[in-house]
Amino acid sequence: MFDATHYAEVGDGVRLAYCDSSGAASQALLLLHGIFDHKRTWSPLAARLSGVRCVAPDLLGHGHSDRPPLTHLPPERRYSPDMQAEYLCAFVEAMGLDSLVLGGSSLGGGIALRLYLDYPEVRRRTRALVLVAAAGYPQPLPGYIREMGGWLGSALQQPLVHALCKKTGLLARGAQRSVARCFHDLSAVPPVLVADTLAALQRIDTFYAYQLSARNIVPPDIDELAHRLGEVAVPTLVFWGREDRIINPLNALRFAEDIPDAQTHLFDHCGHAPHIECAEEMASILHPFITQHAAKG
């Protein structure tokens, strides 16, 4: 069952939580979520991909994964995309995933690209890429990310402030806003997604991880990464909602130009989460793509 939570040891005593629709096959669609999100964001899509093994980890510091202080790392590396990619590489090894369709949404899409470009052991296993409103090009940071990386993240790590926000319902309203900003049609927001987001915010240590994730979200080599997209040598699907207010949908066209074998699908009346808001249509495109490419050696 996809929504059940499992754990994998990825080194340094750190565990990543994950969902897995079927633990039997080494071929898998590996799905990486975005910042302040969690693994069950992929549930609507996974439910429509019958016969496909879907594996979705929580990034470190998110969902049910561990939230270590990482004081052995320089501050600018803690919860950075590069650090996340390093632990995810260990996750792929620990799970014995030998034939991947590697996918990600938003920040998770950027991390998927980094895994492919910077980790030969992952590249060797990757048969195709799926980018869903993916981060990959320089852009101004949305205000909510800047705030979480600064004063708001600091304030919510204070026990009295955190307790007050829980008691007054501010955390609940924050969870609703966090999810709603990703949607064009608010009636498409799954209540369970809001509940899972709130559950993470109830933990005060979440805000340490979130603040550093937000502060370090832009890799220092972001310009170089964009120039390396021509190195992608596997078929790539790019999905985007035309009403995305977080990452400009024009980036879908940039990916189509910069990645040699890329196909782009834009969804009308859809925001930053086409894997939820347009799950049925996205699955109808993705399923044959996976079937065609996952088993190729």
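Q: Which residues lie nearest the centre of the second largest pocket?
A: Met 148, Leu 152, Leu 156, Gly 174 and Arg 177 lie nearest the centre, out of 18 lining residues. This is a predicted model, in which local features need pLDDT of at least 70 and side-chain atom pairs count only at pLDDT 80 or more, while totals for chains, interfaces and linings use all residues. Residues are numbered from 1 along each chain as its sequence is written, and side-chain values use heavy atoms, with hydrogens and water left out.

Q: What counts as a pocket?
A: On a 1 Å grid over the protein atoms alone, a pocket is an open set of points with protein on both sides within 12 Å along at least five of seven lines, whereas a cavity is a set of points where a 1.4 Å probe fits but cannot get out. Lining residues have an atom within 4 Å of a point.

Q: How much space lies in the second largest pocket?
A: About 380 Å³. The volume is the space filled by probe spheres set on the points, with grid points joined across faces, edges and corners.

Q: Which elements give two or more residues to the lining of that second largest pocket?
A: Helix 5, helix 8, helix 9 and helix 10 (206–215) do, and helix 8 gives the most, with 6 residues. Helices here are DSSP runs of H or I, at least four residues, and strands are runs of E, at least two, numbered from the N terminus.

Q: OK, the largest pocket. What volume does it have?
A: About 580 Å³. It has 39 lining residues, and the closest to its centre are Ile 35, Ser 106, Leu 107, Ile 217 and Ile 247.

Q: Which helix has the largest share of that lining?
A: Helix 3, with 4 residues. By class, the lining of the largest pocket has 25 nonpolar, 11 polar and 3 charged residues. Ala, Val, Leu, Ile, Met, Phe, Trp, Tyr, Cys and Pro count as nonpolar, Asp, Glu, Lys and Arg as charged, and the others, Gly among them, as polar.

Q: Which strands does strand 3 join?
A: Strand 3 runs parallel to strand 5 (residues 99–105), with 6 bridges, and parallel to strand 4 (residues 54–57), with 2 bridges. Two strands pair if DSSP finds at least two bridges between them. In strand 4, Val 55 is the bridge partner of Leu 30.

Q: And strand 2, parallel or antiparallel to strand 4?
A: Antiparallel, with 3 bridges from strand 2 (residues 15–20). Val 55 is also the bridge partner of Asp 20.

Q: How many disulfides?
A: The count is 0, where a disulfide is a pair of cysteine sulfur atoms within 2.5 Å. The sulfur of Cys 270 is 3.5 Å from the closest cysteine sulfur, in Cys 278, too far for a bond. Cys 270 is buried, with a relative accessible area of 0%.

Q: Last one: what does Asp 196 touch?
A: Asp 196, in helix 9, touches His 38 and Arg 40, not counting residues up to four places away in sequence. Contact means heavy atoms within 4.5 Å.

How values were computed: Buried means under 20% relative accessible area, exposed over 50%, partly exposed in between (1.4 Å probe, protein chains only).
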